[in-house]
Amino acid sequence: MNDVALVQAFSKYFDLVVPAEGSEEMNEIFRMRYEVYCREFRYEREEDCPGGMETDGYDARSWHCMVRHRPSRYAAGCVRLIHCEPEDPSSLLPLESKFGESLFHPELRPELLDRGTICEISRLAVHSTFRRRVGELSTPLGNLASFNFAPDQIRTFPLVTICLFMAVLIVGGARGKEHGFAMMEPRLARLLKLSGFQFTQVGESVDYHGARAAYYMDLTHALRVVRASRVLGKLYSTAQHRLEETTGWRETA
């Protein structure tokens with residue numbers, strides 16, 4: 001599938017949504033997180049997630065984004081941006097609270113940056129249906145083949161992750177966030193770099209659902225790189241348009 005076809009495929013098959021607080025779309029995100037983080041990977045305990053929804057105390061100070069598969073209306077992926085209250089010293093990013101001692105970078109540390117410009121990229125999840133190919137093991141919701149997706153749709157599924165990071169740039173930029181942090185596997189950081197998203201490791205590896213480390217991304221620089229890229233720039237513009245079309249959300253909000 002060529003570059004033009006990929007952009008057209010995203011426009012045809014996916015919507016980008018920023019749900020309103022308390023909306024049914026927020027509940028869809030919480031249910032998807034439950035399926036991915038509790039039932040599939042066992043990162044969280046099912047008994048701690050009443051009603052089949054995975055939530056935590058950081059959701060109240062987060063901006064949430066969702067990618068929806070248009071033909072099926074399924075929630076395909078989600079991500080949130082956790083922000084700080086600049087005037088509240090106790091308002092820390094999760095990685096500051098839990099892994100602050102692992103941070104080693106002399107400059108790229110949350111406490112050294114303007115609190116109003118930092119955020120943490122968190123709870124990135126792509127539903128197993130959109131990570132599986134026909135013939136692989138069944139997921140809690142069944143094998144991909146049971147959904148009868150057309151082959152050209154199956155090839156677009158890696159776009160879900162890329163477009164979630166597009167959402168991070170769109171929403172984070174609109175909210176004045178210049179510095180993004182995330183706890184992730186080194187392998188994921190390498191894969192994202194191949195896709196044009198440059199993360200810098202700023203913390204020692206820790207045992208947190210496997211080997212994880214704190215990473216940093218300059219959101220302002222990433223946005224410039226994306227817009228300058230022929231393919232990523234088109235995907236960004238398409239994702240932004242889909243967000244405006246589905247929710248009336250504007251980048252200047």
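# Salt bridges, strands and helices

Visitor: Which residue forms a salt bridge with Arg33, the closest N and O atoms being 2.9 Å apart?
Guide: A salt bridge here is a side-chain nitrogen of Lys or Arg within 4 Å of a carboxyl oxygen of Asp or Glu. The model is predicted: local features need pLDDT of at least 70, side-chain atom pairs count only at pLDDT 80 or more, and totals for chains, interfaces and linings use all residues. Residues are numbered from 1 along each chain as its sequence is written, and side-chain values use heavy atoms, leaving out hydrogens and water. At 2.9 Å between the closest N and O atoms, the partner of Arg33 is Asp59.

Visitor: How many residues apart are Arg33 and Asp59?
Guide: Helices (H or I, at least four residues) and strands (E, at least two) are DSSP runs numbered from the N terminus. Arg33 sits in helix H2 and Asp59 in the loop between H2 and E2, so the pair links distant parts of the chain.

Visitor: Is Arg33 buried or exposed?
Guide: Buried means under 20% relative accessible area, exposed over 50%, and partly exposed in between (1.4 Å probe, protein chains only). Asp59, at 10%, counts as buried. Arg33 has 0% relative accessibility, so its class is buried.

Visitor: Which backbone oxygen does the side chain of His64 reach?
Guide: His64 is in strand E2 and, at 7% relative accessibility, counts as buried. Contact means heavy atoms within 4.5 Å; not counting residues up to four places away in sequence, His64 touches several residues, including Arg33 and Asp59. A polar contact is a pair of N or O atoms within 3.5 Å; within protein, one must be able to donate a hydrogen and the other to accept it, and residues adjacent in sequence count only if both atoms are side-chain atoms. At 3.3 Å, the side chain of His64 reaches the backbone oxygen of Asp59.

Visitor: In E2, which residue is the bridge partner of Phe14?
Guide: Two strands pair if DSSP finds at least two bridges between them. Strands E1 (residues 14–17) and E2 (residues 62–69) run antiparallel and are joined by 4 bridges. The partner of Phe14 in E2 is His69.

Visitor: Which residue of E1 points the other way from Phe14 and Leu16, together with Val17?
Guide: In a regular strand the side chains alternate between the two faces of the sheet. In E1, Phe14 and Leu16 point one way, and all four residues are buried. The residue pointing the other way with Val17 is Asp15.

Visitor: What is the distance between the closest N and O atoms of Arg70 and Asp15?
Guide: Arg70 is partly exposed at 31%, whereas Asp15 is buried at 6%. The closest N and O atoms of this salt bridge are separated by 3.3 Å.

Visitor: How many residues of H5 are buried?
Guide: Helix H5 (residues 159–174) has 16 residues and reaches 22 Å from its first C-alpha to its last. H5 is largely enclosed by the rest of the structure, because its buried residues number 14 of the 16.

Notes: Expected span 1.5 Å × (residues − 1).
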